[in-house]
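Me: I am new to this structure. Could you take me through a few of its features?

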Amino acid sequence: MKKLIPLLLLVVMCTAGCDLTGLTVTTTTESPVISSFEADPPTVAAGESSTLRWQVSGATKVGIDQGIGNVALTGSRAVMPSATIIYTLTATSASGASATATAQVIVSGATTPTPTPTPTPTPTGLPVVNYFTANPPIISAGGSTTLSWNVSNATSITIDPGVGAVASVGTTLVSPATSTNYTLTATNSTGYYYMTITVLVTGAPAAGMPDLVLTDILRSGDTVTYTIKNQGDAVAGASTSTLLVDGAVVANDSVGSLAPGESKTEAFTGHVYSCTLPGDGLEVRTDTGGTVVESSEANNSYSESWSCIKIVGPLYKLKLPDLVIEDIWLVQKITGDFIYYKIKNTGNGDAGATISELYVFPCFDSCPPVATDSVDPLAAGESRTEQFATYKYTGGGWSVGVKVDTSGAAAEWDEDNNSLSKPKADI
């Protein structure tokens with residue numbers, strides 16, 4: 001994947017020491033080509049899923065609407081719409097030229113009322129959650145639902161678990177394996193407001209059968225790793241997983257047997273990953289070749305878009321770290337209750353030593369932290385469990401929050417995703 005970069009600007013910026021190994025500068029004005037975009041099957045009954053499949057060339061960015069977001073150049077995605085819907089795929093080239101294609105999924109027998117968003121009353125000055133919904137609110141095991149939200153008067157918004165920081169208005173597709181409470185937390189200088197909705201997951205994988213799913217793609221140095229789980233109730237035999245980068249197969253991994261409910265982290269050890277400017281679309285497919293007979297064959301693919309360049313004003317920042325807080329929880333000990341958290345460097349560059357701060361909300365004035373924690377350097381893709389070892393939590397406040405790199409010691413891709421807060425009932 002290549003991007004048109006003004007050559008003179010790049011030369012000037014790289015006098016500061018950019019690492020441009022393997023960089024190829026190309027120019028093109030050609031439009032991307034969408035070879036195929038289809039739904040299989042195109043017609044489903046209410047509660048059943050269809051699989052979107054696509055193949056694109058000559059694009060630097062590919063996205064699908066209806067809450068799916070950015071995807072790899074070639075891939076597939078299982079969807080379970082509650083009513084007949086048209087998905088639009090948009091492919092954009094480095095020059096800005098774009099092409100679109102549509103695929104329709106017809107849902108027979110579905111009657112889905114359109115919800116009327118009702119603003120939630122909140123105290124004066126706090127953020128306002130105009131609506132936070134899941135459509136549909138009930139899904140079958142292996143299915144998906146779309147979270148939609150609209151928030152006013154907030155400086156930061158997060159959705160947990162698994163979604164993270166979001167814009168004030170948006171949608172995202174989630175596929176929880178079990179019934180899950182999703183909490184939207186909106187924060188501003190006055191305080192915070194949160195709303196929790198429940199997505200019910202009904203049914204289970206067919207009795208007596210395995211069901212392999214992928215839940216995450218990670219990076220450890222120059223090695224791509226992924227998490228695979230057998231959510232069925234029978235043993236899944238040995239299988240093969242495949243890694244695709246920008247639609248091209250680059251590596252395979254042999255996976256041993258997985259017991260019912262077991263998950264493990266695997267690695268494509270034979271492939272040395274190096275991000276190609278400006279970024280890559282990664283996809284992992286499990287059970288390549290179909291050796292495992294599963295209750296569902298429509299949930300064996302997982303895709304993510306990885307960026308190795310972030311444009312901030314006129315500057316091109318290459319191989320930078322990006323620190324995020326993935327979770328916060330409470331550990332009860334004989335000596336007291338302590339707050340733990342998980343920090344991860346999701347960037348392509350190493351992060352040096354940083355300081356994290358713990359907050360208890362609501363707070364007033366400048367909202368000082370109640371404790372700090374020194375975090376050792378984190379390599380690209382590395383995650384670690386930390387704790388505020390000197391602070392004993394007494395259960396006060398409505399929620400707790402952790403902010404990483406409070407001193408700004410790490411020059412990151414994104415300085416707006418360094419915090420996470422959770423209601424005290426959920427830690």
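Reply: Let us begin with a pocket. The second largest pocket is lined by 32 residues, and T155, S156, T187, K403 and S419 lie nearest its centre. A pocket here is an open set of points on a 1 Å grid over the protein atoms alone, where a 1.4 Å probe fits, with protein on both sides within 12 Å along at least five of seven lines; lining residues have an atom within 4 Å of a point.

Me: Which elements give two or more residues to that lining?
Reply: These are β12 (156-160), β15 (180-187), β28 (354-361), β31 (399-403) and β32 (419-423). Strands are DSSP runs of E with at least two residues, numbered from the N terminus.

Me: Where do these values come from?
Reply: This is a predicted model, in which local features need pLDDT of at least 70, side-chain atom pairs count only at pLDDT 80 or more, and totals for chains, interfaces and linings use all residues. Residues are numbered from 1 along each chain as its sequence is written, and side-chain values use heavy atoms, leaving out hydrogens and water.

Me: What is the order of the strands in the open sheet?
Reply: The order of its 4 strands is β29-β28-β31-β32, with antiparallel pairing; two strands pair if DSSP finds at least two bridges between them. β29 (371-375) and β32 stand at the edges with a single partner strand each, so one side of each has no neighbour in the sheet.

Me: How many bridges join β28 to β29?
Reply: There are 5 bridges between these antiparallel strands. E357 stands opposite T372 in β29.

Me: New topic: is T286 buried or exposed?
Reply: T286 is buried, because its relative accessibility is 3%, and buried means under 20% relative accessible area (1.4 Å probe, protein chains only). T286 sits in the loop between β22 (279-285) and β23 (301-307).

Technical notes. Buried < 20%, exposed > 50% of the residue type's maximum accessible area, 1.4 Å probe, protein only.
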